[in-house]
Each structure stands twice: as structure tokens, then as C-alpha cells.
Amino acid sequence: MTFHHKPVPVCALLAGFLCQLPVCAEPGETAAVTLPANQAADQTAPASVATAIPAQEPLEVIQVLGRRPDGLTLSSEKILNVAGAGNDPLRALEALPGVTLATPGTGGPVAKPAIRGSSPVDNEYQTDFLPVGYVFHNDGLSTFNPLLIQSFSLYSSSWSPQYKDATGGVIVTELRDPSFEQSGWFLDAGAIRSSLMYEGQISPQAAFYFSLRQSFIHLYIDQFIEDEEFDFSTPPRNNDFQSKLVWDINAQNQLRLIATGARDKVRRRFDEGSRDVAKNPDLATGEGYRSSYSQFGVLWDNQSVVGDSKMAFNLLDRSENIEEGIAWNLQNDIREWLLKSATVSPLGDAELHWGLELRQQNIDWQAKGRAQPCNPELNVCPPGYYAPILSDVASTDVRFVSGHLNYQRPLAAAWQLKAGVALDHNDFTRESFAEPRLALTWQLAPDWQLDLTAGQHHQWFRRVEMLSSVFGNPDLELETADQLGLGLEHRLSDLWRWQLDLYHKKLDKLFVSNPARQSSGLSQPGQLQAPAFLNGGSGTASGAEFLLNRDLADGWYGWFSVSYAKTERRNDLIGQDFNYEWDIPLIVNAVVNYEWDEHWELGFKWRFQSGRRYTEIFGARPVYPQINGQPDLSKAPIFYDPTEGTFNGARRDALHRLDARVDYHTRWGQYPVTMYFEVLNLYGNKTVQEQEWNADYTSYEEDYEFPDFPFPGLGISIRF
């Protein structure tokens, strides 16, 4: 094995050219090989990256979706052109079985993947072996230049023990290395954002790239606002950067320097007399959100008698500011340093994957808001208008010590075993975890494979205020999950295969609002001394997923998937069982991409999804000013408190829509150029996202998911 680069071409953004870009696999992961038509790809092998094929071998078959026992790996070079993804490979996650892009109940394009009945915040994200600040901008697109994404993997069931901070799923992105053969500028101009990138060779052993992107949605967002009772004092705006330098020291050592970052901001103000302020007077001063992160990492790949090793140092700074009128204001800053290693040691016909991780977080927060805690995923949030306003300024240092062991070996000619344990300890909750993970594969026949996966998982706090003694509870235990999966795969031919996956997930120790802190007015003695949250929730998620996939050959590829699931939660503090907000029983996806000729490429995606659960409103009671703790009926009501039905007891109408895309590849002189035209929601289906009630809850207007009309997009990419 050598780290010296072979000559490789460079893909222009949106160009759709099929090129092979070098990237090192994670320790212990076998590279997925792109094969000619007379060689079937081995679907049983773990796959994270594509390996270059000599130019003299015609490329006929390309695996776009690669299967693992614990999830899927996608080739981003082709997934980039999936209709509706907006040139964003991570956005194409929505087209995979078991994944819902969860938009906030208040609308807007911001969405995060909810995987197999878990919350959108229950995922772990990792890029090039390192954690990142966040992965999705405030316009719903990812924080990475699509030109740089080599591949990404979705782990949805009892994943490898090297991932220790998720109960929902793990999304691992591989950014390609810079080219050692071609230098130049890349320009991509689009309606939503544009990017400028340069890559080139510094020496025969070193090369780098640097990318800058800026969003432009702030220039025309006002044209799409249907609610005329607010405007953007700071329109949604974001930018990001990515850079990487690769130094091939020798045949056994390679060094990478990686720097990435992103920034987002938005703020809206309400018109005088708007219904939002009438329903919640605390919002009169407006709402805003700002976030940013910057990351610098050093990665060292080494080959020795011990095995293939990867060692890393990472420094990550994150900042977040949330403003919800006077109801809630939070500023938090987190500085994290990380030392991490992973090694694959050969043991005869087996392998031992092992690694260590030392991490420290310095967390500072300033919080001020109503003393009315609520987790809207597990209970209805009562009005907090009469709750006192509290504040908290604090900081803490948290140290984590982690490790993983994973033993892999063939048990017999048709059996493969992966058994390991994830080890983790932190000095804040003072909890220690030793969580087993298992993946057992049985090759029933050359074209049939059965997989069994099982594992235990936990995750760190997703909300900083949970660490606060004023707004959270420092004595909380971390949330946990037990997962079990069973998968059957059948390869029908070199091109066609289907797979059926069954899963069951049990969640425990979920954070629930303490009822003692939710009484109106919080006037009882000792109420404010009670912790705001308790480990009082649990839940289950079970389902089946079917995927029929056709690999790329003869100019086209596609897949069809059907997912059925049932997701429930329980508030153990009050003994209430209910359906989870993201209980989406049925999801159907159909994706087809066709290369008409060397210039034109067409793509379609159709999606059907059961409606989102919500809590019905049947009226409201007036809330009056108080005198000596009693309502003053001689005054006009301050606001109205809605009367709700069963929590998450109703379901909205199903969503279905068709997205279409056309790519055109050409040259302007010596410069490769790609233009694309995309239409979201081609037949203009309207899907209700929420009811926007008036101030006294006597009438409402329906707000639809974006876009509720055929929404066009146009972009152009040039490589200089």
C-alpha cells in the first residue's frame, strides 16, 4: 500500500462527469470498487469510497448505493444529480428508506434527517474521521461544497463501536483529497448559493484546495413569505468554507491538514397586532438565531507492524445564539479539543479494530427566560406568561475518555462475525458505558445474504441548557437506546438487487419536563427549586424497509423503496402513552436518472409520505390580567390559551410530490461547463404543514409545506 497519488481528473461542480478521486478508507474499511459489466460488485463488502479503474477498462457498471449490515453507502458523484436534492448529496438522504427530513412545525425549509423513528437531534455527524460543528444551514442545505464530497454513509442500525454519541443514526461524510495533477479555479453560480474554489499542487508530494460559499436566499426571501404579519430584520444568510492540504511523506505515512467552518444568521420581527404576538405577548421583541463553527484538524495515516493506523488532533469552536422574545434567550459557546486514534491490526484471518479518544469541552452559557420548561416531543407546552423570568450565567469543563474494540473474522465459509464494545466515560454525569455491538452475516448462497445486528447506544446532551441547574438538571442521566436489526439481501443480477430490513429500537431515560415546574404562575413554595427536567420518558420504534436498486449501467440508474414503521413514546411521569410526532407509517420513494447522451442527463424523484402527527385544537380560554393572583375580568384578555385534544392524536394529509431535473454538459472554449434546470413539486401538490390560528383560536389559515407550487431552480458550473 502506498499513499502516492496516481493521475486523476477533477470533477467540476454539477458536471456529472464520472471521475475517480483518491481518498483513503477508514481503517478496516474495504474500498468499494467500480467494476466493468462482466464483474459484479461485491455487495457484502463494506464500502465507503470509490477506487480508480485503469482508463483502458470501459466503465459499464457503477454502484450508486452500497449496502452494509448497519446501513447504506452512497457514491456522491452520481447521487449529486438526484432530482430535488439541489446539488446537495446530503439532501438526497430524504430519498433513502427510513429517513424523513424533519421540518419545524412552524414551517420553513430548514430540515434535519429523522432516522427510523428517532428525533432529528439524535444523530451523530462525522467528516474525515473528525466531528464537525453542524451539517445543515438555515436554508436546509448542507455545510459542504458538493464538489468535495466523495461519498457518505448512513448507519441506521447498531453501527460500529467507534461511533458512540447517537441513538438515532450516524452520517459519515468523506471529503475527497485534492488533485495532484490538475490545478485551477472552480466557479458555481446558483440562485440559492454560489461557490468559488481553487485546488492545486504545491510540490510532487503535496496538494491542497480551498472553497468558499455564500448563500443568496436573503436577496429574494421576502417574495416567498405568505404570512404578511412579519418581516426579516435579518434575512436568512449563511456561508461556509472547507480546505484540505495533503502531504505524502513516504509510502508508510501521510499527513492531512483540514480546516472547515460555517456561519448562519436570521432574525424576524412581528408587525404590531400580529397573531403570533397576540397568542404569545413574550414574542413582541422578535425572534432570532445565529450559529457558527470553525474547525482545525491534523490527521496522520501510518502503516506499521501494528497495522493501519489513523491518528488525529482536532480543535472545534462552536457558538449559538437563540432569541425568542423575552420567553427564552440563550448564548452558548463550546470549545472542544480532541485526540483520537483508530487502528486495524491483522490477526491471521481476523482483524482487530481498536482505538482511543480523549476529549474535553469547555462550555459557557448565558441564559435568560421564563421558568417554564418543556420538551415538545413528550408533552404539550403550557403557556409560560405568568412564570417568572430567571437567568443563569455559568460554565463547566467536561472530560470524556472513550475507546472501542471490534473483532472481525470469518466463522466459516459462509459466516462473518463482527463483535465489539464501545467504551465511554464522562466526568459531568460521572457515567461509564460498556456497550456491546454485534453484526453477524450469513452468505446463504452466492446471491443471498442474511444480516443480524444488535447493539446498545447512548448520547450526550443535545441542549446546553440541560446542564444548567436553573433551566435544566445537572443530575440527569444520559439517554440510551437498544437496537436490533435483521436484513435479507438478494442480488438478482449484476445490476439488480433487493433488500428487506426489519428493525426494533427501544429508547429509555428520555428527558421529560418536570410537572412540578409547569404549574401556572409557579407560586407554590419550592417549585422553582425543583429540577426542570427528569429522566421520565421512554419509547419504541419498529419497522420494515424494502429497497429495489438498479446500479448505473447503460446510462441510467435508480431505486424504489417502501418503508413502514410504528413509533411510540411514553411519559412515565404521568403514565401517558402516545404516538410520536415523527411516527410516519408509510414512505415511498422512486428515483430514476438517465444519461440521454454525452450532453443531456434527466432525473426524476417521486415521494409519498404519510402525514405528520399533530395535536388538535378545539378552542381556547381567555387569560386575563391578574390582581392579587385572581383574574381581572373587567380587562380585556391578554391572550388565549388553546384547548388541545389528545397529544399527537391527529394526522395531517399525506405528502406526495414529483421533482424533475435536467443537466446539460458542454464546453465554452477550453472550459468544461454544466448547466442544470430543476423543478421542485412539478405538479404543484399542496400539503398542509400547520394551521395558523387567529388570536382567539376561532379560525385559522392553512400553511403549506414549501414549495406548494412548481418551484424552478437554475445553476451553472465552470472549471477554469
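**Salt bridges, strands and a surface patch**

Q: Which side chains does Glu-678 meet in a salt bridge?

A: A salt bridge is a side-chain nitrogen of Lys or Arg within 4 Å of a carboxyl oxygen of Asp or Glu. Here the side chains of Glu-678 and Arg-661 form one, at 3.9 Å from N to O. The pair links distant parts of the chain, with Glu-678 in strand S38 (residues 671-680) and Arg-661 in strand S37 (residues 655-668), 17 residues apart. Strands (E, at least two residues) are DSSP runs, numbered from the N terminus. This is a predicted model, in which local features need pLDDT of at least 70 and side-chain atom pairs count only at pLDDT 80 or more, while totals for chains, interfaces and linings use all residues. Residues are numbered from 1 along each chain as its sequence is written, and side-chain values use heavy atoms, with hydrogens and water left out.

Q: Is Glu-678 buried or exposed, and what of Arg-661?

A: Buried means under 20% relative accessible area, exposed means over 50%, and partly exposed lies in between (1.4 Å probe, protein chains only). Glu-678 has a relative accessible area of 6%, so Glu-678 is buried, and Arg-661, at 1%, is buried as well.

Q: How many salt bridges does the structure hold, and which residues are linked in a network?

A: The structure holds 41 salt bridges, and a network of such bridges links Asp-128, Asp-177, Lys-244, Arg-256, Asp-301 and Lys-310. Within this group, Lys-244 forms a salt bridge with Asp-128, and their closest N and O atoms are 3.0 Å apart. Because Lys-244 lies in strand S14 (residues 230-250) and Asp-128 in the loop between S7 and S8, the pair ties together parts that are 116 residues apart in sequence. Lys-244 counts as buried because its relative accessibility is 3%, and Asp-128 counts as buried at 6%.

Q: Where do S7 and S8 belong, and in what order do the strands of their sheet run?

A: Strands of a sheet pair through backbone hydrogen bonds, either parallel or antiparallel. Two strands are taken to pair if DSSP finds at least two bridges between them. In this model 6 strands form an open sheet with mixed pairing, in the order S3-S4-S9-S10-S7-S8. Its edge strands, S3 (65-68) and S8 (130-131), each pair on one side only. Strand S7 (residues 123-127) and S8 pair in the antiparallel sense over 2 bridges, and Thr-127 stands opposite Leu-130 in S8.

Q: Which strands does S11 join?

A: Strand S11 (residues 184-190) runs antiparallel to S12, with 5 bridges between them, and a hairpin joins S11 to S12 through 2 residues. Phe-186 stands opposite Met-197 in S12. S11 is also joined by 5 bridges to strand S41 (residues 711-719), again antiparallel, where Asp-188 stands opposite Ser-717.

Q: Which residues make the nonpolar surface patch?

A: Patches are made of residues with over 30% relative accessible area and no salt bridge, where like charges are joined within 9 Å and nonpolar side chains (Val, Leu, Ile, Met, Phe, Trp, Tyr) within 5 Å. A nonpolar patch of about 580 Å² is made by Trp-185, Leu-187, Leu-196, Trp-668, Tyr-671 and Phe-720. One of these, Leu-196, is found in strand S12 (residues 193-203), and Leu-196 is partly exposed, with a relative accessible area of 41%.

How values were computed. Helices (H or I, at least four residues) and strands (E, at least two) are DSSP runs, numbered from the N terminus. Accessible areas come from the Shrake-Rupley method with a 1.4 Å probe; for residues, only the protein chains shown count as cover.
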